[in-house]
Amino acid sequence: YAKAFPFYLQAAKTEIQEAVYWVAQCYEHGMGTKTNASRAVGFYRKAAAGGHPGALHRLGMAELKGELGLVKSPRDGVKWLKLSVANATPEYPQAFYDLAVLHEEGIPHIVFQDQAY
């Protein structure tokens with residue numbers, strides 16, 4: 001990742017959404033660069049604006065759990081997960097599972113339990 005990060009960053013500047021997503025991943029996990037949650041969130045938001053399902057999913061989970069320095073907001077987390085489902089691809093199907101788990105467990109006044117979901 002040390003060699004790949006500069007190339008991801010360069011590609012991200014040309015608005016290649018997959019590269020923007022991987023720059024966020026690198027910043028979040030310290031792959032090829034120092035860990036920086038605020039930069040990760042910025043790149044996740046940029047990729048999410050382009051409809052990247054992985055970025056939408058990560059933002060949703062971060063909002064649900066209050067990760068990456070974000071304030072815990074289940075309502076916003078569910079919003080991001082629903083957008084991720086709407087943009088899902090075979091490479092990024094995770095939101096289907098996480099949204100189904102939320103419907104199984106429920107979140108009061110946000111996601112009602114629905115075992116059939």
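Reader: Tyr-21 and Tyr-44, buried or exposed?
Author: Tyr-21 is buried, and Tyr-44 is buried as well. Bear in mind that this is a predicted model.

Reader: What kind of aromatic pair do Tyr-21 and Tyr-44 form?
Author: A tilted one: the ring centres of Tyr-21 and Tyr-44 are 6.0 Å apart, with 55 degrees between the planes.

Reader: Where in the chain do the two sit?
Author: Tyr-21 is in helix α2 and Tyr-44 is in helix α3. They are 23 residues apart, and the pair links distant parts of the chain.

Reader: What about Tyr-27 and Phe-43, how are those rings arranged?
Author: The centres of Tyr-27 and Phe-43 are 5.8 Å apart and the planes are at 25 degrees, so this pair is stacked. Tyr-27 belongs to helix α2 and Phe-43 to helix α3, 16 residues apart.

Reader: And is Tyr-27 buried or exposed?
Author: Buried, because its relative accessible area is 5%, under the 20% cut-off. Phe-43 has a relative accessible area of 17%, so Phe-43 is buried too.

Reader: How many aromatic pairs are there in the whole structure?
Author: A search finds six.

Reader: Which residues do ring pairs link into a cluster?
Author: Tyr-8, Tyr-21, Trp-22, Tyr-44 and Tyr-92.

Reader: Switching to helices. At what angle do α2 and α3 pack?
Author: About 160 degrees, with the axes 8 Å apart. Helix α2 covers residues 17–29 and helix α3 covers residues 37–49. That angle makes α2 roughly antiparallel to α3, and their crossing is left-handed.

Reader: Which residues meet there?
Author: On the α2 side, Gln-17, Val-20, Tyr-21, Val-23, Ala-24, Gln-25, Tyr-27 and Glu-28. They meet Arg-39, Ala-40, Phe-43, Tyr-44, Lys-46 and Ala-47 in α3. By class, this contact has nine nonpolar, two polar and three charged residues.

Reader: Next helix. How do α3 and α4 cross?
Author: At roughly 130 degrees, and their axes come within 8 Å. Helix α4 is made of residues 53–65.

Reader: Why call α3 and α4 oblique?
Author: Angles over 145 degrees count as roughly antiparallel and those from 65 to 115 as roughly perpendicular. The crossing is at roughly 130 degrees, and α3 and α4 are therefore oblique to each other. This crossing is left-handed.

Reader: Which residues are in that contact?
Author: Tyr-44, Arg-45, Ala-47 and Ala-48 in α3 meet Ala-55, Leu-56, Arg-58, Leu-59 and Glu-63 in α4. The contact has six nonpolar and three charged residues, and no polar ones.

Terms used
Residues are numbered from 1 along each chain as its sequence is written. This is a predicted model: local features need pLDDT of at least 70, side-chain atom pairs count only at pLDDT 80 or more; totals for chains, interfaces and linings use all residues. Side-chain values use heavy atoms; hydrogens and water are left out. Axes are lines fitted to C-alpha atoms, for helices over the stretch in contact, and angles run from 0 to 180 degrees between N-to-C directions. Helices (H or I, at least four residues) and strands (E, at least two) are DSSP runs, numbered from the N terminus. Angles under 35 degrees count as roughly parallel, over 145 as roughly antiparallel, 65 to 115 as roughly perpendicular and the rest as oblique. A crossing is left-handed if the near helix is turned anticlockwise from the far one by less than a right angle, and right-handed if clockwise. Contact means heavy atoms within 4.5 Å. Ala, Val, Leu, Ile, Met, Phe, Trp, Tyr, Cys and Pro count as nonpolar, Asp, Glu, Lys and Arg as charged, and the others, Gly among them, as polar. Rings of Phe, Tyr and Trp (its six-membered ring) pair if their centres lie within 6.5 Å; planes under 30 degrees apart count as stacked, over 60 as edge-to-face and the rest as tilted. Buried means under 20% relative accessible area, exposed over 50%, partly exposed in between (1.4 Å probe, protein chains only).
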